[in-house]
Amino acid sequence: VPQLFLYGTLLFVQDSLLTWLDERGDGSGHQQIGTDHWFMARTTANETNQAMAAFFEATSDSDTTTAASESDSDTNAPTAAPASTVLDDQFCQVYYSLDDGNCETLRDSVRSEIRGNNTPTLELGYPSEKPVMLFFHGWPDTSALFANQFAAFCGDEGEFSCVAPSMMNYNPDVDPVYDQDKLSWPVQADVLHEVVTDMGLEDITLVIHDFGSIVGFQYTVRYPETVKRVVAMDIGNNVEGVMAPSQNASLFSFQLQAISAYLSQNSTAMNEVIQSLAPPCADCQIAPDTDNGVEYLLGWMHYNFINEDPAWTSFFDEPEANFNFQVTPSWPEEVPQLFLYGT
């Protein structure tokens, strides 16, 4: 880390600091010491600016300069992203279904980033320039699920910028999460809020699917000030009573099988459940740290139906008996919702 030390009042200059910088301590004029440090006495704003400009030029790197210019519109720079299996192997090959032959061109514009607390995202456009559309995927899918929406809403002519984060344990390029206390729907909502905070997102159009709908409903209730509207797909937030572990929710057989695979840590069994349903990404590499692509850890979303230690309802201040909806205590009246279902 190179350093430029500027001083304007000799009274405040410590000889020990100058000695550390230049091994002479004479404080004379503008000097470069080796390749790492500069110091300068200045008395005017122009001298200060000139010294800073010279320092920036001397310490610039062509690669970082290019990277900065490419992300000028992104005011919150992400952590360096790893190679993206989701983007490279699934975006076009599995999920893109528009008959226009433009997916590869679109994919070249999509960025794979790391946001918040190590959450991978797919991003197109910049929220500082266009309103943001935020996508939460479900089981057993990845964030590439929304490739068609990226094309329709967030391309060069689109009205929005797009951000699609990965759920915990649903991206093969980051470390898995094993702590059951963290693998809860409301905690996942909080983790995704870290992405929102990191990127400075507001007035969000939230698009949610499957278990992403459950997490999205809970996100909206926990952080209503960030959400402008919600588009929910396939799983709704009904008013027929809370879907809490204590209520012994009636589950489909595949959900029970997924829970069994999760509890027994049996990735082969989880793969069999997924193959029986033939989802788009049945043969994808979805989970981290696994050979068969899916890993038993994908089942944490199902396990929340019955897990009482801790029950997902315990992450809300409202007592379970007072919940007005299946997966949230309430709903913010100012947030409109469109519910789309296909089956």
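This is a predicted model: local features need pLDDT of at least 70, side-chain atom pairs count only at pLDDT 80 or more; totals for chains, interfaces and linings use all residues.
1. Buried means under 20% relative accessible area, exposed over 50%, and partly exposed in between, with a 1.4 Å probe and protein chains only. By that cut-off, both faces of strand 6 are covered. Val-132, Leu-134 and Phe-136 are buried on one side, Met-133 and Phe-135 on the other. In a regular strand, side chains alternate between the two faces of the sheet.

2. Residues are numbered from 1 along each chain as its sequence is written, and side-chain values use heavy atoms, leaving out hydrogens and water. Helices (H or I, at least four residues) and strands (E, at least two) are DSSP runs, numbered from the N terminus.

3. Two strands pair if DSSP finds at least two bridges between them. Strand 6 and strand 7 (residues 161–165) run parallel, joined by 3 bridges. Leu-134 has Val-163 of strand 7 as its bridge partner.

4. Now the helices. The axes of helix 7 (residues 185–199) and helix 8 (residues 211–222) come within 8 Å and cross at roughly 70°. Axes are lines fitted to C-alpha atoms, for helices over the stretch in contact, and angles run from 0 to 180 degrees between N-to-C directions. Helix 7 is therefore roughly perpendicular to helix 8. Angles of 65 to 115 degrees count as roughly perpendicular, under 35 as roughly parallel, over 145 as roughly antiparallel and the rest as oblique.

5. Which residues make the contact of helix 7 and helix 8? Contact means heavy atoms within 4.5 Å. Helix 7 contributes residues including Trp-185, Leu-192 and Val-196. Among those of helix 8 are Phe-211, Ile-214 and Tyr-219.
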